[in-house]
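Me: I would like a close look at a single part of this model, followed by a connected account of what surrounds that part and of how the rest is packed.

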Amino acid sequence: MADDIEIDMSDLERRMDGAMNSLRTEFASLRTGRASASMLEPVQVEAYGQMTPINQVGTINVPEPRMVTINVWDKSLVNKVEKAIRQSGLGINPQMNGTIIMLPIPELNEERRKDLTKVASQYAEHARVAIRNVRRDGMDKIKKAKADGMSEDDQKFWEDQVQELTDTYIKNVDEALEHKQAEIMQV
């Protein structure tokens, strides 16, 4: 019976993947001085009585490196989309052209770039904490299994597996942060 005790590594891996996906989403919302449709992902528009992601009220395009355009499908929502962008904290000033909203992406100054790298570091630290919390949960399950009769060899094996998985994900977070900081600081 004790030999049948196993730890669900796929569950731990799935939860760590969730932390990485969340980090990627947060990184995508950081403005790097280059136009990107993903920078608008966190923007919500009040449409038809509820908050709706901006990509569900219009087509987002990047026609040139410093310009994002949104072709709003419903003419009555154009002003609401503009208002949502202004209030989003992206620091972009929308320009109206009928149902098309143009978002010129300004150059980032050195101070703003440094601030954005600090924000990226905070996002990465949140992801590391989430991954460590998953690790702690895994270790708790191992301790519980030990109390239920798991051998010390099995306990050591599973602890090593959980730690190895944690180290891999922490390394991925660090690499993603390094890449994002380099992207932000690139002039």
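Is P104 buried, partly exposed or exposed, and why does P104 count as such?

Reply: This is a predicted model, and what follows should be read with that in mind. P104 counts as partly exposed because its relative accessibility is 25%, whereas a buried residue would have to be under 20% and an exposed one over 50%. The residue is found in strand β6, which covers residues 100-104. Leaving aside residues up to four places away in sequence, P104 touches R66, M67, I92, N93 and Q95. A176, by contrast, lies 72 residues from P104 in sequence and 27 Å from P104 in space, C-alpha to C-alpha.

Turning to the packing, the largest nonpolar core has 28 residues, and those with the most contacts inside it are I7, L12, F27, I131, I142 and V173. Two or more residues of this core come from each of α1 (9-29), α3 (110-147) and α4 (152-185), and α3 gives the most, with 9 residues. I131, when residues up to four places away in sequence are not counted, touches M16, A19, T166, Y169, I170 and V173. A second, separate core of 22 residues includes A35, M39, V81 and L103.

As for the helix pair, the axes of α3 and α4 come within 10 Å and cross at roughly 170°, so α3 is roughly antiparallel to α4. Sorted by class, the contact of α3 with α4 has 15 nonpolar, 6 polar and 11 charged residues.

Key:
Residues are numbered from 1 along each chain as its sequence is written. This is a predicted model: local features need pLDDT of at least 70, side-chain atom pairs count only at pLDDT 80 or more; totals for chains, interfaces and linings use all residues. Side-chain values use heavy atoms; hydrogens and water are left out. A nonpolar core is a set of buried Ala, Val, Leu, Ile, Met, Phe, Trp, Tyr and Cys residues joined through side-chain atoms within 4.5 Å. Buried means under 20% relative accessible area, exposed over 50%, partly exposed in between (1.4 Å probe, protein chains only). Helices (H or I, at least four residues) and strands (E, at least two) are DSSP runs, numbered from the N terminus. Contact means heavy atoms within 4.5 Å. Axes are lines fitted to C-alpha atoms, for helices over the stretch in contact, and angles run from 0 to 180 degrees between N-to-C directions. Angles under 35 degrees count as roughly parallel, over 145 as roughly antiparallel, 65 to 115 as roughly perpendicular and the rest as oblique. Ala, Val, Leu, Ile, Met, Phe, Trp, Tyr, Cys and Pro count as nonpolar, Asp, Glu, Lys and Arg as charged, and the others, Gly among them, as polar.
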